[in-house]
Amino acid sequence: MVKNIGKLDMVLRLGIGLVALYIGLIDKQLVTDELSSYILIGIGVIALVTAVTRFCPLYSIPGINTSSEDKS
């Protein structure tokens, strides 16, 4: 699996993932609807997984690569 996510993209995904998980799991005042909470949890998990693995399947379809390691 080739890394296609750069450092800035990884940091943004980590931040978005952590905020989405916090809102979905802990802070029930912002989102009171249970379905919306589950959607936020799903978005958070996906963002964290793509940040940790530094691979985004959606980026590979059009050939986007924000990682400076693989650019020639």
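Q: Where is L8 found, and is L8 buried or exposed?
A: This is a predicted model, so take what follows as computed from it. L8 is found in helix 1. Exposed means a relative accessible area over 50%, and L8 comes in at 64%, so L8 counts as exposed.

Q: What separates the C-alpha atoms of L8 and D33?
A: Along the chain, L8 and D33 are 25 residues apart.

Q: At what angle do helix 1 and helix 2 pack, and are they roughly parallel or roughly antiparallel?
A: Two packed helices are described by the angle between their axes and the distance between the axes. Here helix 1 covers residues 7–26 and helix 2 covers residues 34–53, with the axes 7 Å apart and an angle of about 155°. Angles over 145 degrees count as roughly antiparallel. Helix 1 and helix 2 are therefore roughly antiparallel.

Q: Is the crossing of helix 1 and helix 2 left-handed or right-handed, and which residues of helix 2 make the contact?
A: The crossing of helix 1 and helix 2 is left-handed. On the helix 1 side, the contact is made by M10, R13, L14, G17, L18, A20, L21, I23, G24 and L25. From helix 2 come S37, L40, I41, G44, V45, A47, L48, T50 and A51.

Q: How do the residues of the contact of helix 1 with helix 2 divide into nonpolar, polar and charged?
A: Keep in mind that Gly counts as polar in this bookkeeping. With that, the residues in the contact of helix 1 with helix 2 come out as 13 nonpolar, five polar and one charged.

Q: Is G17 buried or exposed, and what does G17 touch?
A: G17 sits in helix 1. Its relative accessible area is 0%, so G17 is buried. Leaving aside residues up to four places away in sequence, G17 touches G44, A47 and L48.

Q: How far apart in space are G17 and V45, and how far apart are I43 and G17?
A: G17 and V45 are 28 residues apart in sequence, but 6.4 Å apart in space, C-alpha to C-alpha. I43 is found in helix 2, where its 44% relative accessibility makes it partly exposed. I43 and G17 are 26 residues apart in sequence, and C-alpha to C-alpha they are 6.8 Å apart.

Q: How many salt bridges does the structure hold, and which side chains meet there?
A: The structure holds one salt bridge. Both partners lie in helix 1, four residues apart, which is about one turn of the helix. The N to O distance is 3.1 Å, and the side chains that meet are those of R13 and D9.

Q: Is D9 buried or exposed, and which residues does D9 touch?
A: Buried means under 20% relative accessible area. D9 is at 14%, so D9 counts as buried, and both R13 and D9 are buried. Not counting residues up to four places away in sequence, D9 touches Y59 and T66.

Q: Where is S67 found, and what does S67 touch?
A: S67 lies in the segment after helix 3, which spans 57–60. Its relative accessible area is 0%, so S67 is buried. Skipping residues up to four places away in sequence, S67 touches K3, N4, I5, G6 and R54.

Q: What is phi of R54, and is R54 buried or exposed?
A: R54 belongs to the loop between helix 2 and helix 3. At 12% relative accessibility, R54 counts as buried. Most residues other than glycine have a negative phi. R54 has a positive value though it is not glycine, with phi near 55°.

Q: Where is K3 found, and what separates the C-alpha atoms of K3 and F55?
A: K3 is found in the segment before helix 1. With a relative accessible area of 35%, K3 is partly exposed. K3 and F55 are 52 residues apart along the chain, yet their C-alpha atoms are separated by 5.1 Å.

Note on methods: Residues numbered from 1 in each chain as written. Predicted model: local features only at pLDDT ≥ 70, side-chain atom pairs only at ≥ 80, totals over all residues. Heavy atoms only, no water. Axes fitted to C-alpha atoms, helices over the stretch in contact; angles between N-to-C directions. Helix = DSSP H or I, 4+ residues; strand = E, 2+ residues; numbered from the N terminus. Parallel < 35°, antiparallel > 145°, perpendicular 65-115°, else oblique. Left-handed = near helix turned anticlockwise from the far one by under 90°. Contact = heavy atoms within 4.5 Å. Salt bridge = Lys/Arg side-chain N within 4 Å of Asp/Glu carboxyl O. Buried < 20%, exposed > 50% of the residue type's maximum accessible area, 1.4 Å probe, protein only.
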